[in-house]
Amino acid sequence: MRDAPATAVSFDFGQTLVELDTGLLSDRLAERGISAAAEQLDGAVDEGWRAYNEAIQRGHGGHPWKIMMRRLLEAGGVPAGALDAAVDWLWTEQPRKNLWRRPIAGMIDVAVELEQAGVPIAVLSNSEGRLDELVRELGWSAHFVAVADSGRLGFEKPGREIFAWTAERLGAPLGAVVHVGDSLAADVEGALAAGMRAVWFKGDPRRAAQMPEADRVAVCDDAGSLRRALRAFGVRF
């Protein structure tokens, strides 16, 4: 039976609405006497997120931020002897100065368009407990009916509970929500298992087409293709 049109949308935060500010990361490392150019770190971001997805697929509990950051810094040229201390320090500093704050071109514009059209939207992210404050700092709070921060709630993607919590606040059944995110393991597979539909941001179209629930997954690589994917799921805006 054909799915009913989707009526609400949730967005992952890091690497979906915003990306890692590698310039800020470079500056923060310099505070610890570690030299790592932003350009080198930019080239290492994908490697870090591969490590993140691998950790989730292995069943790693919690938010594997340190695993991701360690691989990223290693690929970005940080000396092996400095890695563990740097990762630990960045983790303790993350609630005070979140490194994920560089808006991805056009993505918040899609969120604003949805909100202005009366489509309820939320942020749904594995984070460190202060994501709501960062959303406010960026001036985006008015657009979202809820911010689901795993660090504050105590449960995380890909578990069903955080998706259900978000859907409840969106005022929609899980089957009427589309979740947009970059992580195959946390966002796409987690949303599908919870009963949502999913848009895989910067995902692999061939891999998505081979998934058992391929009809409930779309892939986009920018704001324009996200609009098309959401409308194809029946979201009206």
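Which residue caps the N-terminal end of α1? I looked this up in a predicted model. Aspartate 21 is the cap, with a side-chain oxygen 3.2 Å from the backbone nitrogen of glycine 23.

Glycine 33 follows the helix, and its phi is positive, near 80°.

Next I asked which residues of α1 are buried. In this helix, which runs over residues 22-31, I noted Thr22, Leu24, Leu25, Ser26, Arg28 and Leu29 as buried. I recorded that the list includes Arg28 and the leucines Leu24, Leu25 and Leu29.

I turned to the whole chain. I recorded eleven helices and eight strands. The C-alpha trace spans about 55 × 35 × 30 Å along its principal axes.

Of the contacts between residues at least 6 apart in sequence, 62% join residues at least 24 apart.

Last, I examined surface and charge. The chain exposes about 10,400 Å², and carbon and sulfur atoms supply 47% of that area. How far apart are the mean positions of the positive and negative charges? I found 2 Å between them, for 27 positive and 34 negative charges.

Methods
Residues are numbered from 1 along each chain as its sequence is written. This is a predicted model: local features need pLDDT of at least 70, side-chain atom pairs count only at pLDDT 80 or more; totals for chains, interfaces and linings use all residues. Side-chain values use heavy atoms; hydrogens and water are left out. Helices (H or I, at least four residues) and strands (E, at least two) are DSSP runs, numbered from the N terminus. Contact means heavy atoms within 4.5 Å. Accessible areas come from the Shrake-Rupley method with a 1.4 Å probe; for residues, only the protein chains shown count as cover. Lys and Arg count as positive and Asp and Glu as negative; His and the chain ends are not counted. The place of a charge is taken as NZ of Lys, CZ of Arg, CG of Asp or CD of Glu. Buried means under 20% relative accessible area, exposed over 50%, partly exposed in between (1.4 Å probe, protein chains only). A polar contact is a pair of N or O atoms within 3.5 Å; within protein, one must be able to donate a hydrogen and the other to accept it, and residues adjacent in sequence count only if both atoms are side-chain atoms.
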